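This report goes through a few local features of one protein chain. The sequence and the structure are shown first.

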Amino acid sequence: MSVDMATRYLGLDLAGPVLPSASPATGDIDHILALVEAGAPAVVLPSLFEEQIEHDAMAVHFGLELGADGFGEAPSGYLPHLADYNTGPEDYLKLVKRARAEAGIPVIASLNGVSSGGWTLYARVLADEGVDGLELNIYRIAADVEESSTEVELSYLRLVEKVRQAVDVPLAVKVGPYFSAMASMARRLGEAGADALVIFNRFYQPDIDLATLGVAPNLTLSTSAELRLVLRWLAILHGRIEPDLAATTGVHHGDDAVKAILAGADVVMMASALLRVGPSALTAVQKGLEGWLEENEYESVAQARGSLSQRAVADPSAFERSNYMKTLTSYAPSW
Ligand SMILES: Cc1cc2nc3c(=O)[nH]c(=O)nc-3n(C[C@H](O)[C@H](O)[C@H](O)COP(=O)(O)O)c2cc1C
């Protein structure tokens, strides 16, 4: 018996549910083609960052101003400097074009930022390039002591609404887990126009370097243990909100993908494992998932999806507070 791995995500019919997520592993055409070879059914490109977009917008702005004021010459060194600096969007579009032309699988572009600044413009530019989907990674740390949770949430919703109004392409929204009311926020992101939610963004955590007494930019890759948070929210949200659900953070092995699908993921995404191991990690996860489904007599991914979601399990409280006290009090010191 062969398992039907076909999956629908973001309005796209995919051969399977295991995708490379946005990371340097999808950042150039050679890596993308290696992932296609390894069996990737679609690819999410790394993000074009708001900071890159803003510099580009500045260059356009200054260019126009200079023209309007009739200055024949740029202030010495200034424009060339900006031009050198602002290769971001241009290179990004080149990558999109090549991926679209050569990969032969759906290409999902990604924008990363916090404000609506140049986003709608670039969302349109990417849509015009013919991307199959757009992922908005809204990465913000709510560090302003004057800003309430309502204001923070509204800023997310407004951004999604704006981009939604600007383009027709399928829209995925990638967010972190730090909302007081995650379930309600997930529903409202759907109402604002998200066709899919990618959960969860893995925030980069700065460390303190005791040798230099400075803040150390220290990126650590994930482990499977981090999948737990994602599993809980997949299970809670599956069948309760409109948007599709993509799992990101902690998918390293076939079993991780199995768990995410059983909890309710439409697709699972991989970054750390691809960076650490290479494209073979994607093939291994696909094979592991397919093998498990076959052994357990599932006919398709669709049949397994959500079968251990909160709505499906005998004890729905298992995904909430239930067993919390028992788990903690049963833990004994080993000495
Ligand atoms: C080096 C690196 C670069 C990343 N760049 C992006 C990015 O450009 N845009 C984005 O949305 N996520 C980015 N991510 C996040 C990944 O897409 C993914 O969501 C996260 O790493 C969690 O998944 P994982 O456990 O499989 O690594 C990056 C992750 C890493 C490790």
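The text below covers the backbone, the pockets and the salt bridges in turn.

**Backbone**

The model is predicted. Most residues other than glycine have a negative phi, and most peptide bonds are trans.

The peptide bond between Ile 199 and Phe 200 is cis, with omega about 0°. Phe 200 sits in the loop that runs between strand 8 (196–199) and strand 9 (207–209).

Leu 213 is not a glycine, yet its phi is positive, at about 50°. This residue belongs to the loop between strand 9 and strand 10 (214–216). Its relative accessibility is 69%, and exposed means over 50%, so Leu 213 counts as exposed.

Glu 297 is not a glycine either, and its phi is about 60°, again positive. Glu 297 is placed in the loop between helix 11 (280–295) and helix 12 (301–304). With a relative accessible area of 64%, Glu 297 is exposed.

**Pockets**

Rolling a probe the size of a water molecule over the atoms shows where empty space is left.

The largest pocket has a volume of about 1,100 Å³. Its lining is made up of 44 residues, and those nearest its centre are Ala 22, Lys 174, Asn 201, Arg 202 and Leu 219. Two or more lining residues come from each of strand 4 (43–49), helix 4 (88–102), helix 8 (227–237), strand 12 (267–270) and helix 10 (272–276). Helix 4 gives the largest share, 4 residues. Sorted by class, the lining of the largest pocket holds 22 nonpolar, 18 polar and 4 charged residues.

The second largest pocket holds about 340 Å³ of space. It is lined by 13 residues, with Arg 228, Arg 232, Ala 318, Phe 319 and Glu 320 closest to its centre. Helix 8 and helix 13 (324–329) each provide at least two residues of this lining. The largest share, 4 residues, is from helix 8. The lining of the second largest pocket divides into 6 nonpolar, 3 polar and 4 charged residues.

**Salt bridges**

Side chains of opposite charge can pair when their charged atoms come close. The count of salt bridges in this model is 11. The table lists some of them.

| Glu 129 | Lys 97 | 3.1 Å |

What does the pair of Glu 129 and Lys 97 tie together? Glu 129 is in the loop between helix 5 (119–128) and strand 6 (133–138), while Lys 97 is in helix 4, so the pair ties together parts 32 residues apart in sequence. Glu 129 is partly exposed, at 23% relative accessible area, and Lys 97 is also partly exposed, at 45%.

Glu 153 counts as buried, at 11% relative accessibility, whereas Arg 188 is partly exposed, at 23%.

Arg 187 and Glu 191 both lie in helix 7, 4 residues apart, which means that about one helical turn separates them. Arg 187 is partly exposed, at 39% relative accessibility, and Glu 191 is exposed, at 56%.

Key. Residues numbered from 1 in each chain as written. Predicted model: local features only at pLDDT ≥ 70, side-chain atom pairs only at ≥ 80, totals over all residues. Heavy atoms only, no water. Buried < 20%, exposed > 50% of the residue type's maximum accessible area, 1.4 Å probe, protein only. 1 Å grid on protein atoms, 1.4 Å probe; cavity = no way out; pocket = protein on both sides within 12 Å on 5 of 7 lines; lining within 4 Å. Points joined across faces, edges and corners; volume = space filled by probe spheres on them. Nonpolar A, V, L, I, M, F, W, Y, C, P; charged D, E, K, R; others polar. Salt bridge = Lys/Arg side-chain N within 4 Å of Asp/Glu carboxyl O.
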